[in-house]
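Here is a short briefing for a first look at this structure. Start with the chain overall, then turn to the details.

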Amino acid sequence: RFLSVQYRKTTNTQLGARFTQALSASTFYELKLNTLLTRTLQGSAVAPDWMQDAYLGSPLTNYSRMIASVRSGPDRFSVGNGPDSFRDENTQTLSFEASYTSQVTRSHLLNAGLQASTYFIDLNNRNNTRNNQEGMQLTQYSSKPWEGGLYVQDKMEFEGMIANVGLRLDVWAENTQYYVDQFSPY
């Protein structure tokens, strides 16, 4: 089934930097910056995946009859149809973290920081392209969601007891529109 293999290429690129500085013997801070880029391309196969290689090379194979036997149901799923989807997806994640750690006293280790991430999403996918425009499914959108967090924590160590007490605040924004009813989006 060599001719039934879909073209697919995924490329991931990640870059990051970290900076740490000690302010004293008991205090330091750290900064991190990271980005991840992902690109996915997928194309259709030359032949449907249900067709055996023996049929593909035979001069006796009647392709028009085989392709005519493909059926689609009312749910728009094709039976006996090969892969006919095309994907073009780009995503990028950009993250920043900053933290501060200090051994304030023998019993208290203070840790505080912030985290922020933003995402760039760009999709251009086509599914069911063998059918006419009515049956083809097109997914195209771009979005830039983001999220952030602030935290503070005190690690308290006493004779026979260790307690971690802290507070964290998280915020996020989808920055995209959702379907009102996810079970009936159209």
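Among contacts (heavy atoms within 4.5 Å) between residues at least 6 apart in sequence, 64% join residues at least 24 apart. This is a predicted model: local features need pLDDT of at least 70, side-chain atom pairs count only at pLDDT 80 or more, and totals for chains, interfaces and linings use all residues. Residues are numbered from 1 along each chain as its sequence is written, and side-chain values use heavy atoms, leaving out hydrogens and water.

**The chain**
- The chain holds 2 helices and 9 strands, taken as DSSP runs (helices H or I, at least four residues; strands E, at least two) and numbered from the N terminus.
- From the N terminus, the order is β-β-α-α-β-β-β-β-β-β-β.
- Of the 186 residues, 22% are buried (under 20% relative accessible area; exposed is over 50%, partly exposed in between; 1.4 Å probe, protein chains only).

**S117**
- S117 sits in strand β6 (residues 108–127).
- S117 counts as buried, at 14% relative accessibility.
- Leaving aside neighbours within four places in sequence, S117 touches L94, S95, W146 and E147.

**The aromatic pair**
- The whole structure has 1 aromatic pair (ring centres of Phe, Tyr or six-membered Trp rings within 6.5 Å; planes under 30 degrees apart are stacked, over 60 edge-to-face, the rest tilted).
- The ring centres of F19 and Y29 are 6.1 Å apart and their planes are at 55°, so the pair is tilted.
- F19 lies in strand β1 (residues 8–24) and Y29 in strand β2 (residues 27–42), so the pair ties together parts 10 residues apart in sequence.
- F19 is partly exposed at 43% relative accessibility, and Y29 is partly exposed at 22%.
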